[in-house]
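Here's a quick briefing for anyone meeting this structure for the first time. Have a look at the sequence and the model, then read on.

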Amino acid sequence: MRVAAVGPRGFGVYLLEGGELTPTSGEPEAILAPGFFDIHVHGGNGTDVMDATPAQFGDLCAYFAGLGYEAFLPTTVTAPLDAVKHFLGNLPSHEMIAGVHLEGPFISPKFPGAQPKEWIQPIGPEWDPVLRDPRVRVVTLAPELPGATQLIARLSEEGVRVGMGHTDASFAQAEAGFKAGASHVTHTFNAMRGFHHREAGTAGYALSESGLAAELIYDRLHVCPEAAGILIRSKPADKLIAVSDGTAASGLAAGTRLSMWKHEAIVGNGDVRLPDGTLAGSAITLLDAFRNLAADFGVEVAIRATSLNPRALLGVTEAPRVELLFDLKFNLLEISPRV
């Protein structure tokens, strides 16, 4: 079978035989991609990771596996220290759980998004036991906060990736965060100081610094296709990180009402919102993001952003365990262990 894939010679058409890829010519009959790797996901199918029991985490892993996921980072919200410790205490050991993403509580009150504002906190030593938990792989924080650049440098030295997000950082403050060791920007354009022609802001820095990776929630709602196109054209091919930012609402029917992060929320058509209309995370999965990216920006962008680039960001060097086969309309045909 001829497949479009990122193979030994980069993106192109390969002959797939016995699990091996051999460069060939002609039009592809299908698309081959590694399993998805989501570094930013709060839940799915009615489960919020902050409240999940070990059994519910197991169910969540099974749900994601059925959508083509190989691995994900359960992601916290801004919450009291005891709530985060409770989450960590319930987190099981599972091959799909590749670590933890702490989103908050060190964020800007000007850009909380749907994060509970009442639990935003200054950087302090009481959080050190959590920050030094070996399962923590990613931390999102606002680089303009007092002590932030020092914390970014420490976390970076310890191998933790730092995303600049929920931030009012100026261009210069974002630059300082990057120079201190920040690896990426969290859900680019959302919950951050935007681009302005007199002060380029966090968004401007994300667009201009080629060494800085950028998360993208591509549900076509958090970021419109035109803005996503500008971001994609501005970043090297290995620096775009598709994330779902999925929540308990992902996979639920439109019109479903649920309580999320002490807010009442309602599921829409691919979105979940607070009563005032604020987007509250997303209601998509990386399967949805893959299809949207492939349709709007091409298969190579979709494969790199949903699998290869997040793995590289975390320093994962093992070969993908899962392969996904799609038809040319981006329907998922097969999920199989890699031979």
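R132 and D128 join their side chains in a salt bridge, at 3.7 Å from N to O; the term stands for a side-chain nitrogen of Lys or Arg within 4 Å of a carboxyl oxygen of Asp or Glu. This is a predicted model, where local features need pLDDT of at least 70, side-chain atom pairs count only at pLDDT 80 or more, and totals for chains, interfaces and linings use all residues. Residues are numbered from 1 along each chain as its sequence is written, and side-chain values use heavy atoms, with hydrogens and water left out.

**Charged pairs**

- Side chains of opposite charge can pair when their charged atoms come close.
- The count of salt bridges here comes to 16.
- D128 also has a salt bridge with R154, where the closest N and O atoms are 3.2 Å apart. D128 sits in helix α3 (residues 128-131) and R154 in helix α4 (residues 148-157), so this pair ties together parts 26 residues apart in sequence. Helices (H or I, at least four residues) and strands (E, at least two) are DSSP runs, numbered from the N terminus.
- R132 is partly exposed, at 46% relative accessibility. On this scale, buried is under 20% relative accessible area, exposed is over 50%, and partly exposed is in between (1.4 Å probe, protein chains only).
- E70 and R321 make a salt bridge too, their closest N and O atoms being 3.7 Å apart. That pair links distant parts of the chain, 251 residues apart: E70 is in strand β8 (residues 69-74), and R321 is in the loop between α9 (299-313) and β18 (322-326).
- E70 is buried, with a relative accessible area of 4%, while R321 is partly exposed at 35%.
- E70 and R321 also belong to a network of salt bridges with E95 and R311.

**Nonpolar cores**

- The largest nonpolar core has 99 residues, and F72 and F290 have the most contacts inside it. Such a core is a set of buried Ala, Val, Leu, Ile, Met, Phe, Trp, Tyr and Cys residues joined through side-chain atoms within 4.5 Å.
- Helix α8 (residues 286-297) gives the most to this core, with six residues.
- Setting aside neighbours within four places in sequence, F290 is in contact (heavy atoms within 4.5 Å) with I31, A33, F36, A302, I303, T306 and F326.
- There's a second, separate core of six residues, including V3, A5, Y14 and L32.

**A residue in strand β18**

- E323 is found in strand β18 and counts as buried, at 15% relative accessibility.
- Not counting residues up to four places away in sequence, E323 touches L32, A33, E334, I335, S336 and R338.
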